[in-house]
Amino acid sequence: MKLFGSLRARLLLSHLLVSLVSIVLLAAYAGRFIFQAAIAEAEHNLQGLAVATGNALELPIQEYNAGHVEAKYIRDLLDRMFSDSPELEFTVFRPDGFPLVDRSETLPPQATRANAPEVIEAFESELGRGISIRRNRLGEQYLYTAVLVQREIEVTAIFRLGVPLAPTLQAAERSLAILLLVAWLIAIGMSLVGWLLANNLSRPIQLLTEASARMERGDLGVRVTPSGPQELQRLAEGFNSMAKRLQANVNELRAFVANASHELRTPLTVVKLRTEALRDGAMEDAEISNKFLEEIEQEVDRLVRMVNDLLDLSRMEAGMEPEEHQPLDLLNIAREVYETFEIRAKNAGLSITCDFAPLTASVMGNEDQIRRVFYNLVENAIRYTPKGGTVEILLREGPKENTVRVLVRDNGPGIPPEHLPHVFERFYRAETNQDRPGQPRGSGLGLAIAKTIVESHGGQIGISSQIGSGTTLWVDLPTLPHS
């Protein structure tokens, strides 16, 4: 069974089976048609010869009936007529069915439906003709035809002519053999075509299988050249696209692990160094020990925030966050966020303002997640805006129909253009976008979390910035259609 386990072998076998079945059906139909056509042609030719001979016998039969000639005269006449065809049999019957002359020396018995059906058929037929296929007295298969010999409307005799069927059947068999040979050649051609088609179909699948095995062994750079039918080409393109995305995801995961390790290493190193210092004697100095303990506490808090952000981001990207969406009033959420950060901004030496345009539509979403987007954007702006700076929260109708836009704008140092495409990546920090002194160091995940939430709500997030003129983060969210 392993021989036909491959797709190529099965396709080739199916073509062979189709070819064989076609040949058998063709042979059955063509054989029947060829033999019927050969016999029909023989009947037509034999009847034509019999009719012509019957016409030639009309006068001799009349002479015989008048007593002017004997039966031997008629036989000699027929012998001369068919001297070149010794295989033919002929018999002349009287109207009552008794034989008058026969090519053999022995006259046959009186014609009956059993021994000479063609004679009875000719006598009873309106056309005056009869035909049958049967064995002669020697057991050979013969084709017999009988015609009436008439003088005006009077039947004066019945002439029967017989020809052996073997030559006719042999000619038909030769024609059938030629046809079968052609059919076999066609079958071989079909098999070759089937092999080519099977190879054309199985080769791309084999390449995909080999590529999948290589990918399973860890070769994520494997690609397949699209070939074969359109469906297999699309399958190969889909495989390449999947492999490309998988490779990108793995690379992203590796980068994420590297960045996470780097971000975790710093606070852990600080905690370890301060702990060693306290163990080595710094504990005896109250001022230094309090400072080190405060730093340890800050770094632990930073670790807790980073781990929590990582867990939240992983849950959201895996679709594990609850998707209980309901109509939300962004004005209330934006106002609550503004009031929450107003005191914090004041303590940081910043001013925070709000400008909320009246909205006529609601946003369908998860309230906690949308509020977190506001928090992350505003917190990011406060962290990177120097003292005396300003942070603005704005709410506007979106640039597209049925959207609303949230903007968080600051007048900080700005971000260089080459860094803008990366600000929503995890742990990414622009070189000029350093934490403001006095502010707790961020996890580098706030904007990545905001981007994930916005996109899960069908929205878009973006950034624009100019060096020395500040940065603007914007979010477009779809709103419910006006009723």
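Author: This is a predicted model. In it, Glu336, Glu367, Asp368 and Arg371 are linked in a network of salt bridges.

Reader: How many salt bridges does the count come to?

Author: Side chains of opposite charge can pair when their charged atoms come close. A nitrogen of Lys or Arg must lie within 4 Å of a carboxyl oxygen of Asp or Glu. By this rule the count comes to 20 salt bridges.

Reader: Is Asp102, which forms a salt bridge with Arg137, buried or exposed?

Author: The closest N and O atoms of Asp102 and Arg137 are 3.4 Å apart. This pair links distant parts of the chain, with Asp102 in strand S2 and Arg137 in the loop between strand S3 and strand S4. Arg137 counts as exposed at 55% relative accessibility. Asp102 has a relative accessible area of 7%, and since buried means under 20%, Asp102 is buried.

Reader: In which helix do Lys72 and Asp76 both lie?

Author: The side chains of Lys72 and Asp76 meet in a salt bridge of 2.9 Å, N to O. Lys72 is exposed, with a relative accessible area of 53%, while Asp76 is partly exposed at 28%. The two residues are four apart, about one turn of the helix, and both lie in helix H2.

Reader: Which helix gives the largest share of the nonpolar patch?

Author: The patch on the surface is formed by Leu13, Leu16, Leu17, Leu20 and Trp184, with about 430 Å² of accessible area together. Leu16 is partly exposed, at 35% relative accessible area. The largest share, four residues, comes from helix H1.

Technical notes: Residues are numbered from 1 along each chain as its sequence is written. This is a predicted model: local features need pLDDT of at least 70, side-chain atom pairs count only at pLDDT 80 or more; totals for chains, interfaces and linings use all residues. Side-chain values use heavy atoms; hydrogens and water are left out. Patches are made of residues with over 30% relative accessible area and no salt bridge: like charges are joined within 9 Å, nonpolar side chains (Val, Leu, Ile, Met, Phe, Trp, Tyr) within 5 Å. Accessible areas come from the Shrake-Rupley method with a 1.4 Å probe; for residues, only the protein chains shown count as cover. Buried means under 20% relative accessible area, exposed over 50%, partly exposed in between (1.4 Å probe, protein chains only).
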